[in-house]
Amino acid sequence: MDPAMFLGRFDGQSKLLVRALLCGSSGAHRALEVFHRQQRANPDMSLSNFIETLCQDEVCGPDRTGQPLTVGPLVWLFTALLKKNLLSFINLVYLSLPCPPVLHLLKCLCQDPHRTPWMTAMIRQLERNLEVHNEEPLYTPHCGHRLKELSQRLVGSDETGGWAKCFSRQTSECERASGSSELGTQRKRKGIFLALDSDGEDTGQESKRIKVEVCGSESLDDEEKSATTELSGRLGNDAPEERTPAAAAAESPSDVLPEHIKVSVLQIKELLESQTEWDQSSMEMFEVLNDYDPGQVELLCSMLRFPDLPEQILPKLCSSILAPSFDFSYSTAATLIKSLLLQKILSLSEPASRCLVTAGTSLCSRYPRPVCHALIGPVLEEKTIGNPQAELLNRLVESCLDSHYRLLVLQMTFKMTWGEAVLSIIHSLLDSRLDLSEELFTQFTGQLVSQGPKFTKSVKFAKMMLTVLTKYNSHVTAEHKQSLHSCLMVNETFLKKSLQAALKRITNS
C-alpha cells in the first residue's frame with residue numbers, strides 16, 4: 001500500500017512518527033528523535049493513539065487475482081521495511097509505554113501473513129522483554145538448522161570454544177594489525193591468518209589459509225587491499241572506519257544540519273522519488289522551509305539535488321512551495337529559484353519544455369525580484385546563451401514582470417558584454433515602452449555607442465536602434481543625437497538608411 005494513502009488515518013503527532021519511520025534504514029532512530037522532541041514539548045504525550053490506529057481493521061487486497069478481500073490490522077499494509085523500523089522503534093521505547101497496547105500490536109504483527117523471520121524474532125524478543133511467557137526460540141527451525149551446519153563447518157561441532165573461540169582469535173589479531181597501522185612506523189610485516197576448514201567434516205585435513213599483510217608505512221598492493229576488505233567484512237560491519245582528514249572534510253553536508261532538518265530532507269527526497277500523486281499531506285512537508293535560514297536552504301537544495309530533478313516534477317513542486325502558507329525571504333526564494341531553474345535554463349539547446357516554462361512563470365510571478373537577480377541576471381551574463389534562453393527569458397519578462405522590474409533587467413544589461421541573445425531581450429524590453437528617466441536613457445545611449453562597433457552587421461542591433469529612435473525620440477537630446485549619429489555611420493545593414501532618416505526626423509526642443 002502506498003504510504004500516502006494511510007497517512008491520513010493518523011493524527012498530527014502520529015503522522016510525524018510514521019513519516020520518520022519511512023526514512024529508509026535509519027527510520028527507527030529518526031522516529032526516536034521525533035518521539036523525544038514530542039515528549040519535550042508535551043511531557044504527557046502518549047503513543048496509545050498511534051498504536052491503536054496501527055491495530056485498526058482495514059480491508060486488505062488479495063495477493064493474487066481471484067482471491068477474496070480480507071480484513072486485517074492497518075499495520076499489515078505496511079511495507080516490510082516500515083514494519084522492521086516500527087519494531088526497532090518499539091524496542092527502543094517499550095519501557096516508557098504501557099504494556100497492553102504494545103502486546104496488542106505484537107499480537108497483530110504475529111498474525112501477519114507476510115511476516116519475515118526477522119520480524120518473528122523481534123516480536124518474541126519484545127515479548128520476553130515485557131515478561132510475557134514465551135519459551136519459543138527467537139529463530140525458526142530452518143534458521144536453527146542452518147546455524148548448526150555453519151557452526152560445524154567453521155570450527156567443528158566437537159571442539160570446545162565454538163563461535164567465541166573463532167571470533168575472539170580474529171578480533172584480537174585484527175586489533176593488533178590496526179594498532180601497528182596507526183603507529184605508522186617502519187615495521188616488519190605481520191601476517192594474520194584466518195583458518196577455514198575445507199570440508200567441515202575432516203578436521204585433520206589441511207586448512208585453507210588467507211594471509212592478510214598489514215604494513216605500517218608501505219602502500220598495500222591491490223591483492224592486499226582486497227584481502228583486507230574481505231577480512232574486515234567478516235569481522236563485522238560495526239567497527240568504525242578509519243578516515244583521513246581529507247575524507248573527514250569531504251563528509252556529507254548533512255552533518256552540519258540539525259536532526260529535524262535531516263528528517264525533512266529524507267522525507268522530501270522520498271516524496272520527490274515517488275511516482276504517486278501528491279496530496280495535501282505531501283505538500284505540507286515543504287512547510288519546514290519556512291523555518292530554515294538561507295544557508296540551510298542551500299544545503300537542503302544540494303542534498304536533494306534540485307538542479308538534477310526531472311522537469312516533469314517542477315510544476316507540482318513549484319505549486320507546493322508557492323502555497324499561500326509560504327512567505328519566503330528574498331534570500332531563501334533566490335536560493336530555491338537558482339537551484340531549481342538556473343542549470344536547466346543554461347543547458348537548453350532547444351525551446352524550453354512546457355513544464356520548465358510553467359515552473360519559471362509561476363516562480364517569477366510570486367518572487368519577481370529574486371528571479372531577476374538569481375536567474376535572469378546570471379543567464380544574461382553567460383556568453384554562450386542562445387535563442388532558447390532568450391525566448392524563455394522574454395516570456396518571463398513579458399508575462400510576469402511589471403515596469404519596475406523590467407527597468408531593473410535593463411539596468412543589469414549595462415554591466416555586461418552584449419551578445420545577440422542579450423540584444424533580443426533588450427529589444428523586447430524597449431518594445432514594452434519603458435518609462436525611462438533622463439539619467440537612465442543617457443546611460444543606455446552610452447552603452448549603444450560603446451558596444452555598437454562590434455554589431456555593425458547585426459540586424460538585431462539595427463532593429464533595436466530603430467526602436468530607440470522611433471519610440472523614445474522624445475528622450476533624445478542634441479548631445480544624444482550627435483553620439484547616435486556617429487554610431488549609425490559605421491552600420492552596414494540594410495536598415496542603415498532607415499536609421500539615419502529616423503534620426504534626422506528627431507527635432508530637439
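A salt bridge is a side-chain nitrogen of Lys or Arg within 4 Å of a carboxyl oxygen of Asp or Glu. In this predicted model, the count by that rule comes to 3 salt bridges. One of them joins the side chains of lysine 83 and aspartate 112, with 2.4 Å from N to O. This pair connects distant parts of the chain, its members being 29 residues apart. Lysine 83 belongs to helix α5 (residues 80-93), whereas aspartate 112 lies in the loop between α6 (99-110) and α7 (117-129).

**Confidence of the model**

The average pLDDT of the chain is 75, and 73% of the residues score at least 70. Confidence is highest in helix α18 (residues 368-381), at a mean of 94. It is lowest in strand β3 (residues 190-196), where the mean is 37. Over residues 169-174 the pLDDT stays under 50, and the model has 8 contacts beyond four places in sequence for them. Over residues 180-253 the pLDDT likewise stays under 50, and here the model has 81 contacts beyond four places in sequence. Where pLDDT is low, the predicted coordinates should not be read in detail.

**Packing of helices**

Two packed helices are described by the angle between their axes and the distance between the axes.

| Helix pair | Axis distance | Crossing angle | Handedness |
|---|---|---|---|
| α5 and α6 | 12 Å | about 155° | left-handed |
| α22 and α23 | within 12 Å | roughly 150° | left-handed |
| α23 and α25 | within 9 Å | roughly 15° | left-handed |

The helix that carries lysine 83, α5, packs against α6 at an angle of about 155°. Angles over 145 degrees count as roughly antiparallel, and α5 and α6 are therefore roughly antiparallel to each other. On the α5 side the contact involves Leu86, Leu87 and Ile90, which meet Val102, Leu105, Leu106 and Leu109 in α6. The residues of this contact divide into 7 nonpolar, no polar and no charged.

Helix α23 (residues 459-471) takes part in two of the tabulated pairs. With helix α22 (residues 438-451), its axis crosses at roughly 150°, which makes α22 roughly antiparallel to α23. In this contact Phe441, Phe444 and Leu448 of α22 meet Phe461, Met464, Met465 and Val468 of α23. The contact of α22 with α23 comprises 7 nonpolar residues, with no polar and no charged ones.

Conventions
Residues numbered from 1 in each chain as written. Predicted model: local features only at pLDDT ≥ 70, side-chain atom pairs only at ≥ 80, totals over all residues. Heavy atoms only, no water. Axes fitted to C-alpha atoms, helices over the stretch in contact; angles between N-to-C directions. Helix = DSSP H or I, 4+ residues; strand = E, 2+ residues; numbered from the N terminus. Left-handed = near helix turned anticlockwise from the far one by under 90°. pLDDT = per-residue confidence, 0-100. Contact = heavy atoms within 4.5 Å. Parallel < 35°, antiparallel > 145°, perpendicular 65-115°, else oblique. Nonpolar A, V, L, I, M, F, W, Y, C, P; charged D, E, K, R; others polar.
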